[in-house]
Structure formats: structure tokens, C-alpha cells
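This briefing concerns the protein chain shown below. Please keep the sequence and the structure in view while reading.

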Amino acid sequence: KKSLQSFLFVCPLIWITCDFPSGRTATMVLLAVLCNIGFIVITLWYTLLSIPGFRWLDKFLYGIKAPPRPTPAWEEGSEDKEGFRHDFFFNGRVRLHYAHIGDVGKPLMLFLHGFPESWYSWRYQMKHFKNDYHCVAIDMRGYGDSDKPVDRKDYRMALLVSGVAEAVKQRSPDGKAVLAAHDWGG
């Protein structure tokens, strides 16, 4: 019984229930074995997906082609009813959407949203600072009207940061910006 209890230690709930009358012990052991096998399969699955050589498995399961580019809610360069102008810029092969308000000649204040938000979560702060700054809020890659690449490697930190750097380069005359960010955007 000691070796059986140590084997079932991985599933503590089932290990506790094994002290029921002997008629149910075999059922509990079988249930514990199945739970352990399931745990091992899930662990191996996610381990394989994290190894670069097995990325083909991820592409096979979730599709090789990128989804079609969504139709944006507004035309490039248009202005919405709240006074925000909407534009796009390319970072490599990914098109990123951004909304901006305020005079373009003023210093840049860049807003980066968190998970699972979009540029719209910064609208009140952008309206507040529009008199002193050119306020720009990006839809980070994978959110809002920005492109949503399928491959996980397209969401590496270096690529996310390069999108922010490209926004500063395109929208700031002197290459400087005040950054406001939170959550995953920070």
C-alpha cells in the first residue's frame, strides 16, 4: 500500500479518495493512472511545441497561411466622430494601425495598450494631453485593426519593440517620445 500511495501522490485528490472501502480502490487506481497519463501527454505536447524543431507541428495544427487581412473600421487618414485620425504603418511585413490626435508639430506622446485591449483604451488620456503633445496610440500586433500574424515567432520581443521604434521614427521629428504604457504594453 505504501508504494501505491507514493505512486498516486501526483494526483492528491485521488490519493485521498483511495482510503475508501476496498471495493472502490481498483477504480480509483485506474482513474489515477489515467489522470497521470493525461498529465504526461499534455506536458509532452507543450514541451514539443516549445522546441523550435517542432514548429511544423504548430503550423500543421493551426494553419500555414496567415488569415486574410481584416477590413479596417475606417479608411487610412480618416477621422472618427471623436476627432481621432487613423493611419497605418508597416513594420517589416506587418501593418500596424494607430490613432492620433493633436498637432503633429508638438512633441510625441506614444501610448501602448495592454492585454487584451486596443488603442481605444487610451482615448481619455489622449484627449487630455492633445493640447501639449501629438498623441499616438498603436494597436499592437495581433490586436484591433493591426495585422495578426499566425506564427508565434512573429510576436517575439525584438519584433514588438521594433514596431514601437518604427512608430517613433515615423511620427516624431526629433526621434524622441514620451511613452505611456501598462500591462503587456509596458
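In which sense do strand β3 and strand β4 pair, and over how many bridges? Strand β3 (residues 108-112) pairs with strand β4 (residues 134-138) in the parallel sense, over five bridges. The model is a predicted one, and its protein chain holds six helices and five strands.

**Order of elements**

- Five strands form an open sheet with mixed pairing, in the order β1-β2-β4-β3-β5.
- Within the pairing of β3 and β4, leucine 112 stands opposite isoleucine 138 of β4.

**Helix packing on the sheet**
- Helix α6 (residues 157-171) packs on the sheet and touches β1, β2 (94-101), β3, β4 and β5.
- The direction of helix α6 makes about 125° with that of β1.

**Contacts, burial and surface**
- Where residues in contact lie at least 6 apart in the sequence of the protein chain, 62% of these contacts join residues at least 24 apart.
- The protein chain has 186 residues, of which 33% count as buried.
- Its accessible surface comes to about 11,900 Å², and carbon and sulfur atoms account for 65% of that surface.

Methods:
Residues numbered from 1 in each chain as written. Predicted model: local features only at pLDDT ≥ 70, side-chain atom pairs only at ≥ 80, totals over all residues. Heavy atoms only, no water. Pairing = 2+ DSSP bridges. Helix = DSSP H or I, 4+ residues; strand = E, 2+ residues; numbered from the N terminus. Contact = heavy atoms within 4.5 Å. Axes fitted to C-alpha atoms, helices over the stretch in contact; angles between N-to-C directions. Buried < 20%, exposed > 50% of the residue type's maximum accessible area, 1.4 Å probe, protein only. Areas by Shrake-Rupley, 256 points an atom, 1.4 Å probe, with all protein chains shown as cover.
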